[in-house]
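Q: Hi! Could you walk me through this one? I'd like to start with what you count as a contact.

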Amino acid sequence: TMYTGQLLLFKKLMPRNEFDNIRVCSVDNFQGEENDIVLLSLVRSNVQEKIGFLKTTNRACVALSRAKLGFYCFGNFQLLKKQSPIWSQIVDQMTKRGKLGESLGLYCRNHPDRKIAVSSGKAITNKAPQGGCMQQCDYRLKCGHVCRQVCHVKDPEHKVMKCQARCEKKVCDLGHRCEDRCSVRCPPCRVMVKKTLHCGHESEQHCHKPITECHCPEKCDKLLGCGHSCKNNCDQP
């Protein structure tokens, strides 16, 4: 970037743990250095049509000559062309070579044949929400399921990502299947089944629950010594 204010904003929006291999710096601090790929933000775009020290030839020289393999520059080039002779020459040359456009072309690291054109941060979010493309990942996980998430660049070997598919393992002798996610440990069978309790009543209970732990919900109909009917549940004294 040409400006310290934008440099500070970039650093705020780009946490180290996510952008560890990306260097962010000002043009003035990059003199004498170079990199394989450089992205340059020119910042200036205003109704007053002022471009500040972007007019300075040596700054433009440093900014445009630091990349070895790829260089991408973002800015209001019509304004720069209008206000600066050096930028006018640069814009004319890039236009002749077909290197000036309204969007940036990106391709998916996992699916190189998938390419998108983006002109805003929102476009990237919509077209590459996980940093890849909109194609389903389909990586075969250790559990046997495939990853159903949209293509992602983080954790490509799926060492951290958890399977979100339904488990469907048998969890009891009756053949009921687990309804939780595959990555979660199967709980005891929670299917409701009809059981005959020790009292003789039938009741809907969780499949995994032994008869000895089941409580009868029926009202007790026994007569008390006083002649009144018991109002408690069947399994209560």
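Predicted model: local features only at pLDDT ≥ 70, side-chain atom pairs only at ≥ 80, totals over all residues.

A: Happy to: contact means heavy atoms within 4.5 Å. Helices (H or I, at least four residues) and strands (E, at least two) are DSSP runs, numbered from the N terminus. Buried means under 20% relative accessible area, exposed over 50% and partly exposed in between (1.4 Å probe, protein chains only).

Q: Thanks. What covers the buried residues of helix 2?

A: The cover includes strand 1 (35–41), strand 2 (67–74) and helix 4 (85–96).

Q: And which residues are buried in helix 2?

A: Helix 2 runs over residues 57–64, and its buried residues are Ala60, Val62 and Ala63. They lie on the same side of helix 2, because the arc they cover around the axis is only 165°. That arc is taken from the directions from the helix axis to the C-beta atoms.

Q: Let's zoom out. How many helices and strands does the protein chain have?

A: There are 5 helices and 8 strands in the protein chain. Their order along the sequence is α-β-α-β-α-α-β-β-α-β-β-β-β. The protein chain is more spread out than a compact globule, because its radius of gyration is 34 Å, well over the 18 Å that the globule rule gives for 237 residues. The radius is taken over C-alpha atoms, and the rule is 2.2 Å times the number of residues to the power 0.38.

Q: What does the C-alpha trace span along its principal axes?

A: About 110 × 40 × 30 Å for the protein chain. Buried residues make up 25% of the 237 residues. Of the contacts between residues at least 6 apart in sequence, 32% join residues at least 24 apart.

Q: New topic: is Leu80 buried or exposed?

A: Leu80 is buried, at 1% relative accessibility. Leu80 sits in helix 3 (residues 77–83).

Q: What is Leu80 in contact with, leaving aside neighbours within four places in sequence?

A: With Leu42, Ile51, Leu54, Trp87 and Ser88. Glu33, on the other hand, is 25 Å from Leu80 in space, C-alpha to C-alpha, and 47 residues away in sequence.

Q: Where is Arg23 found?

A: Arg23 is in the loop between helix 1 (4–13) and strand 1. Arg23 is partly exposed, with 47% relative accessible area. Leaving aside neighbours within four places in sequence, Arg23 is in contact with Asn29, Phe30 and Glu33. Between Arg23 and Arg166 there are 42 Å, C-alpha to C-alpha, and 143 residues in sequence.

Q: I also wanted to check some backbone angles. What is phi of Glu49?

A: Near 60°, a positive value in a residue other than glycine. Glu49 lies in the loop between strand 1 and helix 2, and is partly exposed at 32% relative accessibility.

Q: And phi of Glu168, what is that?

A: Phi of Glu168 is near 70°, a positive value in a residue other than glycine. Glu168 belongs to the loop between strand 6 (150–152) and strand 7 (192–196). Its relative accessible area is 43%, so Glu168 is partly exposed.

Note on methods:
Residues numbered from 1 in each chain as written. Heavy atoms only, no water.
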